[in-house]
There are 2 protein chains.
Amino acid sequence: MSVVTSLSREELLAMQAELEARYAEFAARNLKLDMSRGKPAGSQLNLTNAILDKLDGYKTEDGVDARNYGGLDGIPEARRLFADLLGLEYDNVMCGGNSSLNMMYDTIVRTWIFGTGGNTPWGKLEKVKFLCPAPGYDRHFAICQDLGIEMIAIPMTENGPDMDVVEKLAAADDSIKGIWCVPLYSNPQGICYSDETVDRLAAMKAAPDFRIMWDNAYGVHHLYGEKALKDIFKACEAAGNPDRAFYFFSTSKITFPGAGVALMASSKNNMAETRKHMGVQTIGPDKLNQLRTVRYLKNADGVREHMRLLANELRPKFDIVLNTLRQELGDTGFASWTEPKGGYFVALDTLEGCAKETVALAKQAGVTLTGAGATYPYGNDPKDTNIRIAPTFPTCSELSMAMELFCICVKLAGVRKLLAK
Amino acid sequence: MSVVTSLSREELLAMQAELEARYAEFAARNLKLDMSRGKPAGSQLNLTNAILDKLDGYKTEDGVDARNYGGLDGIPEARRLFADLLGLEYDNVMCGGNSSLNMMYDTIVRTWIFGTGGNTPWGKLEKVKFLCPAPGYDRHFAICQDLGIEMIAIPMTENGPDMDVVEKLAAADDSIKGIWCVPLYSNPQGICYSDETVDRLAAMKAAPDFRIMWDNAYGVHHLYGEKALKDIFKACEAAGNPDRAFYFFSTSKITFPGAGVALMASSKNNMAETRKHMGVQTIGPDKLNQLRTVRYLKNADGVREHMRLLANELRPKFDIVLNTLRQELGDTGFASWTEPKGGYFVALDTLEGCAKETVALAKQAGVTLTGAGATYPYGNDPKDTNIRIAPTFPTCSELSMAMELFCICVKLAGVRKLLAK
């Protein structure tokens, strides 16, 4: 098949007619599929149902009654399990409620109101800016928007954010106070940060209260073998910026999205500041749910084993997505995409100016995708090309249909665009 | 027995000798009891253990998979149960995580950063002040202190805060932005707000963004029959201040303190503002725990029935406290105290300048009480008289001992004080 951009008008018209016919067929099926969010399917959650069993005994390993008040840092066995799993220092790990997003939001809010490391509270500054590697996670961007933090989109490379751009901006502008990072299997491209990227983030010149929001949401969510990630804390310490990183993680996509255990970790100084205010905000997290989670997962190896089960459930879905993309779009010039080795998403780039139209076409035919633009700050994808594919929620047969439709939409939007020129 | 203040020096010395001897006896027993917090005892929590049983089925009544993401407001059956129980409007009720304190803190933080009702964010004002009925709840005061909100102590009457003082201050000073209220069985005095108090709080002249933090923590925690509380929302609406109140509640002292379900409610406008920002902060609360809680409690009548069981567990403890106080301190002039009909505490006033000494004496003999002063803003009880007694955590026999020792300490501190004059 020739690359679409080199086709004649007649060839494009013929292609359009064929695509419109295929599209009409799909539209007639009255599909109703939601691929908008990285939501695990029920079949995946079923693998974890034993966590709903009776909780026998409610004492933690240090003899605390997990039913009662107390324990701001979470129960020791949970902190140790995740410290082991992620290579974090036990003392600097705090296990919380069911939402790491909540911990991220609150972390920025604390810096907003109280400042960090003796610096001016961000809320008292004229202007606060964040670097936002894009495409990225819309809920990170929403936190910035909620607080009025100006977002600067940073291009992604296959090794993470474009560090030349990041370094230049951070060094030149003290009002740049942070960066959002999903360092392993980034949302939505599935990109893994290289060691060099980690080192450069840790060492670059930046405001003293510049903070890396290290959202390792997919830290153990491998689909095709394990992938290592350089230790951000060690890198920051080595570079003389020990307080630069806040680390976040959760079991939302390990156990249950709505009832997992979230985690944050940071330097000793940062955790002391965090505890000071968090100890006023709450008496402590749900220790029973932590106990349930630890008893179910057992230890770091137990998590890895459990992730292999989940990967067996997810891999076929990623295969469907990637195979359909290859079959329908390979070498056509209509689109390019990433081939992640883990995480929850595949990101596709359409021809310029075709993402919104593609998503609208899919929606009209009954398949809801993540809104076009959502992967960029302010929902503004300047070239209107990026679409996040979230394959986890539908069943395999639904996903096959949805992906075929999706590819038709990508091509139809593309052909229309080329013909309109 | 004569009132102690009318005794001669010789009589006081004799009394002191006797008390020192009794005190020494206690000190020799090496007690180690914690009565510092309103923590339920294990025996009380055991009454709720069935909530730890296997959770059969994870769908909510509207068919949502409670294991998965979503549902910012909480599950419908939880919202309805508590709306029924507390006489709140379903649409304005939000069920959250395990901590109503967290909801209070976040509510003030939102007003701090974003303002409310179009008014200037509190964090951008020169000065923000809160009215703090005292003695009151130390964790409320800690929130103010954390944010740098100036606290103004308001005397309590048997009908709630002294409304003459409250009205006068609120009308005269626009920087007064709120008041902390525990309207039923106040912490620590167990005072219930009269209808008139509720009406006056709702109707008084105050800043447009003045907010009543209505922490109804003990709303169904009756020990000697039910006590009604006037509807704060209806009162505020009737007075033309529909957005004045934020209502908080939790099952921390109904099911498990560490793993309950918290609730907030407010006007339509306030809840819209709340949801706007909270929807950025989190994807939603732990719906499985809400499901567990609702399935265990069943409905409003189920809660009332459960509270009667808990009251049967708690009432003997309150009886021990009050009987010991009457026996040891009645008519002595050493102290006065409240006789709550519900809630979690009894508050006692020593002779002036004797609370700290009393608490220190008890501590030295192995009984930890709530720190003297903790019930006042900034930990500063100006007359050094108020002590919070938290009878729930010890067993009855421990409590009997602790209360006897406590009374000895109250008297010993008093006698020493009188002799030092």
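Q: What share of the interface residues of chain B are also interface residues in chain A?
A: Keep in mind that this is a predicted model. The copies meet through the same surface, because the interface residues of chain B turn up again as interface residues in chain A. The share is 100%.

Q: Which element gives the most residues to the side of chain B that touches chain A?
A: The contact takes 43 residues from chain B and 43 residues from chain A. On the chain B side, the elements giving two or more residues include helix H2 (42-46), helix H4 (100-114) and helix H5 (138-147) of chain B. Sorted by type, the residues on that side are 21 nonpolar, 13 polar and nine charged. With six residues, the top giver is H4(B).

Q: Which element of chain A do the buried residues of H5(B) pack against?
A: The buried residues of H5(B) are B:Asp138, B:Arg139, B:His140, B:Phe141, B:Ile143 and B:Cys144. In chain B they pack against H4, strand E3 (129-134), strand E4 (150-157) and strand E6 (176-181). In chain A, their partner is helix H9 (268-281).

Q: Which residues have the most contacts inside the largest nonpolar core?
A: That core has 267 residues.

Q: What is the radius of gyration of chain A?
A: Chain A has 13 helices and 13 strands. The globule rule gives 22 Å for 421 residues, and chain A comes close to that, so it is as compact as a globular protein of that length. Its radius of gyration is 23 Å.

Q: Which strands stand at the edges of the eight-strand open sheet in chain A?
A: The order is E2-E9-E8-E7-E6-E3-E4-E5 in chain A, with mixed pairing. The two edge strands each have a single partner strand, so one side of each is left without a neighbour in the sheet. They are strand E2 (93-95) and strand E5 (160-161) of chain A.

Q: Which residue in E8(A) stands opposite A:Met213?
A: Strand E7 (residues 211-215) and strand E8 (residues 245-250) of chain A run parallel, joined by four bridges. Opposite A:Met213, you find A:Phe246.

Q: Which residue in E13(A) is the bridge partner of A:Ala347?
A: Strand E11 (residues 346-350) of chain A pairs with E13(A) in the antiparallel sense over four bridges. Both faces of E13(A) are covered, with A:Asn386 and A:Arg388 buried on one side and A:Ile387 and A:Ile389 buried on the other. The bridge partner of A:Ala347 is A:Arg388.

Terms used: Residues numbered from 1 in each chain as written. Chains lettered and ligands numbered in written order. Predicted model: local features only at pLDDT ≥ 70, side-chain atom pairs only at ≥ 80, totals over all residues. Contact = placed C-beta atoms within 7 Å. Nonpolar A, V, L, I, M, F, W, Y, C, P; charged D, E, K, R; others polar. Core = buried A, V, L, I, M, F, W, Y, C linked by C-beta atoms within 7 Å. Buried ≥ 20, exposed ≤ 12 C-beta atoms within 10 Å, placed from the backbone. Rg over C-alpha atoms; globule rule 2.2 N^0.38 Å. Pairing = 2+ DSSP bridges.
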